[in-house]
Amino acid sequence: MIERREFIAGLGGAAAAWPLAARAQQRALPLVGIVDMAGNYVAGGPLIPNELVEGVPPTRQPALSAFRRGLNETGYIEGRNVAIEYHTVGMQFDRVSGLAADLLRRRVAVIFAIGPLVVREIRAQSMTIPIVFFVGEDPVKEGLVASLNRPGGNTTGTTNFTNQLFAKRLQLLGEVVPKAKVFAFLVNPNNPNAEPDAKDVQAAATALGVELRVLTARNEAELEVAFAAMDEQRIGGLLFGLAAFGVGLEKLAALAARHAIPTMWPLDRAWPAAGGLMSYEASTPEAWHIGGTYVGRILKGEKPADLPVQGSTEFEFIINLKTAKALGLEIPPGVLALADEVIE
């Protein structure tokens, strides 16, 4: 029979080994890497869009929860049979290549890539690693897939066609300020999509029969110059491009209020919640949920080439009525009826 002292000693040795075994099991879990180009600059409040933050930005939490839910639906639970690493680069595009190289070195199983630039950087280093993307552009036009139904290669994912929503955003803005004849489109020229987005907005303005001025800004100083130009040109409404401008959303909203310019933002409720007038965008959590299910299916053995690219079906239109009143605007009943949320 085993002496009591030897038995207790044996338990102690086993207990000491358990954490090591657990860590070994954790290392053996398939790794899913998330590389997010937009995570920082959608965050408002005190966050500075061009700087990195630790962890997941608050405005990305709902999307990440939706991603985990998609994984769960395919049988994958974080920490149990899959590991997830979230990385955000904000607008520091030069960091993407290094992040991709690190994930590939550690034999990542699948990468969830946010933005076409991220996809291109990963594919420049590997044409075999499975990539599930979420982009705002047409992935065929961007060269990410061969077609929506049959992506081919190692990539598939979701798109909200946000650049195609510029016409709707400009239309809604025009209905709120019907007497305006000149609108502005403000974008950061460092954004790789600045030029094509400007062309899309210009085409939308032409179709609506209004004049559009394209202005650029990279930082707070250039923002001041751009808004001063809007005053001089008597801009009736401002449509933002999907870009960081070096300041938090609350400060940017305060700048728009100081110049009394009605604004439309191409993202979720973060903008009107920060004091901006309106936002119109496809649901980001919906896209991340689909991304999670696709990642899970690929982990189970399916190929990206066989998974068709999916488009967003849910859209969110949010209005800040307090901001509208401060601007002296009366939102038309028809526009109010379209709003998914009204902030008062």
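Helices here are DSSP runs of H or I, at least four residues, and strands are E runs of at least two, numbered from the N terminus.

A word on the source. This is a predicted model, where local features need pLDDT of at least 70, side-chain atom pairs count only at pLDDT 80 or more, and totals for chains, interfaces and linings use all residues. Residues are numbered from 1 along each chain as its sequence is written, and side-chain values use heavy atoms, with hydrogens and water left out.

Now α3 itself, residues 95–105. Val96, Leu99, Ala100 and Leu103 are buried there, meaning under 20% relative accessible area with a 1.4 Å probe, protein chains only. Down the axis of α3, the buried residues fall within an arc of 100°, so they line one face. That arc is taken from the directions from the helix axis to the C-beta atoms. What covers them? The cover includes β1, β2, β3 and α4 (116–125).

Next, β1, residues 31–36. Six of its six residues are buried, so the strand is largely enclosed by the rest of the structure. Leu31, Gly33 and Val35 sit on one side, with Val32, Ile34 and Asp36 on the other.

Which strands pair with β1? Pairing needs at least two DSSP bridges. β2 (residues 83–88) runs parallel to β1, with six bridges. Ile34 stands opposite Tyr86. β3 (residues 110–114) is also parallel to β1, over five bridges. There, Val35 partners Ala113.

Last, confidence. pLDDT is the predictor's confidence in each residue, from 0 to 100. The chain's mean is 85. Over residues 1–26, pLDDT stays under 50.

Note on methods: Contact means heavy atoms within 4.5 Å. Buried means under 20% relative accessible area, exposed over 50%, partly exposed in between (1.4 Å probe, protein chains only).
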